[in-house]
Every structure is written in C-alpha cells, then in structure tokens.
Amino acid sequence: MYHDHLQAVKATLTEARARRDLQAMGDEMLQIFLTQYPEATATFEGFELDYIARHKFCKVADALVDVLEYPDYSGTSLSEEVSRHQIYDVQDREYYFALVDALVTVVKSSLGDDWDEKTEESWADTVSGFRHNIDLAFRENFDR
Ligand code: HEM
C-alpha cells in the first residue's frame with residue numbers, strides 16, 4: 001500500500017512538472033501561502049522571491065516524497081530543518097503545514113480531472129505523515 005502511495009505521489013509530481021512551468025507552480029504555492037499568512041512575507045525579506053518560489057517548491061516536494069520513501073530519514077531531516085529554520089525565525093508549525101497544503105493545491109489543480117481517488121488517498125497519507133514528523137520535530141526542538 002505504502003509503495004503504491006509513493007508511486008502515485010511521485011507520478012503526480014512528474015505529471016505536474018510536465019504540464020506546468022516550475023516557476024509558475026512555485027509562485028502560486030508561495031502566493032497561496034503568503035495570502036494565508038501575510039506576516040510571513042517578512043521572513044523572506046532580502047531573498048530573491050522568484051528563486052525562493054521555485055527552489056522551495058522543489059525542496060518541499062522532496063521532503064514530501066521522503067515521508068513515504070525514507071521514513072526514518074524524513075523524521076531526522078525534518079527535525080533538522082525545523083531547527084535550522086530558527087535562523088529565519090520560522091517558529092510556527094502551522095507555517096509548515098500551510099506551505100505543504102499550498103503545494104498540494106497547486107499540484108492538484110495542475111492534474112485537473114486526472115486527480116482521482118487513489119491520488120487523493122496517496123497525498124492524504126503523505127501529508128499526514130509529514131504533519132506527524134513536524135509535530136515530533138517541534139516537540140524535539142521547542143518542547144511544544
Ligand atoms: C517542508 C517544509 C520546508 C522545507 C523542506 C524547507 C527547506 C529549506 C531548505 C533546504 C532551505 C535551504 C536552501 C538552500 O540553502 O539550498 C531553506 C531555506 C529557507 N527557508 Fe525553508 N523549508 C521549509 C519550510 C519553510 C517555511 C514554512 C518557511 C517560512 C515561512 C521557510 C523559509 C525559509 C527561508 C527564509 C529560507 C532561506 C532562503 C533560501 O535559501 O531559500 N521554509 N528551506
């Protein structure tokens with residue numbers, strides 16, 4: 001089952017990349033996120049937003065694939081990211097959840113009618129694993 005979910009998530013990402021420009025998907029992901037959390041704009045001050053948008057899209061997509069493909073590594077690496085992101089003052093777990101939800105929204109809209117029940121289930125599984133690892137990471141790093 002997990003293997004099926006992994007294949008479905010990877011295939012969806014590949015398909016989205018084939019159908020849409022990476023920059024456009026990254027821009028949309030960031031826009032959805034910053035519309036939800038406008039105060040987070042300050043976090044990206046001084047960085048080139050075009051670069052951040054496409055780079056972050058790739059990094060977040062990789063982190064989501066890791067949840068299913070390398071569960072142990074995913075736990076460790078997300079904990080390290082949460083710790084490392086303190087230099088950017090990212091202290092709110094809801095930010096991680098929202099950025100991931102924004103990516104899923106973009107990928108889903110890129111797939112249109114090809115986003116079927118199996119795809120939905122595979123992504124729901126991935127996102128719930130990601131949230132679990134972020135929760136553990138916050139407990140580890142911030143004791144909350
Ligand atoms: C799944 C969630 C996330 C992952 C996997 C992730 C990953 C990364 C990585 C790998 C870098 C370093 C880029 C590099 O040096 O190559 C980075 C940088 C950064 N991240 Fe994240 N990040 C995540 C969530 C967030 C969130 C929620 C925010 C803010 C709201 C954020 C803000 C930043 C900023 C400001 C930088 C520095 C600029 C840059 O190098 O891109 N990140 N992130």
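**Ligand and iron site**

In this predicted model, a polar side-chain atom of Lys56 is placed 2.4 Å from a nitrogen atom of the ligand. The elements contributing two or more residues to the shell around the ligand are H3, H4 and H5. Of these, H3 provides the largest share, with six residues. The shell comprises 19 residues, among which Ile52, His55, Lys56, His85 and Tyr88 come nearest to the ligand. The space that the ligand takes is the largest pocket.

Further polar contacts involve two histidines. In His85, an N or O atom of the side chain lies 2.8 Å from a nitrogen atom of the ligand. For His55, the distance from a polar side-chain atom to an oxygen atom of the ligand is 3.0 Å.

Lys56 and His85 also coordinate the iron atom of the ligand, through NZ and NE2 respectively, at 1.7 to 2.0 Å. These two residues are 29 residues apart and link distant parts of the chain: Lys56 belongs to helix H3 (residues 49-69), whereas His85 lies in the loop between helix H4 (71-84) and helix H5 (93-111). His85 counts as buried because its relative accessibility, 11%, falls under the 20% cut-off.

For six octahedral donors, the ideal angles at a metal are 90 or 180 degrees.

Terms used: Residues numbered from 1 in each chain as written. Predicted model: local features only at pLDDT ≥ 70, side-chain atom pairs only at ≥ 80, totals over all residues. Heavy atoms only, no water. Donors = N, O, S within 2.8 Å, 3.2 Å for Na, K, Ca; no water. Helix = DSSP H or I, 4+ residues; strand = E, 2+ residues; numbered from the N terminus. Buried < 20%, exposed > 50% of the residue type's maximum accessible area, 1.4 Å probe, protein only. Near = heavy atom within 4 Å. Polar contact = N/O pair within 3.5 Å; in protein donor to acceptor, adjacent residues only side chain to side chain. 1 Å grid on protein atoms, 1.4 Å probe; cavity = no way out; pocket = protein on both sides within 12 Å on 5 of 7 lines; lining within 4 Å. Sits in = over half its atoms within 2 Å of the grid points.
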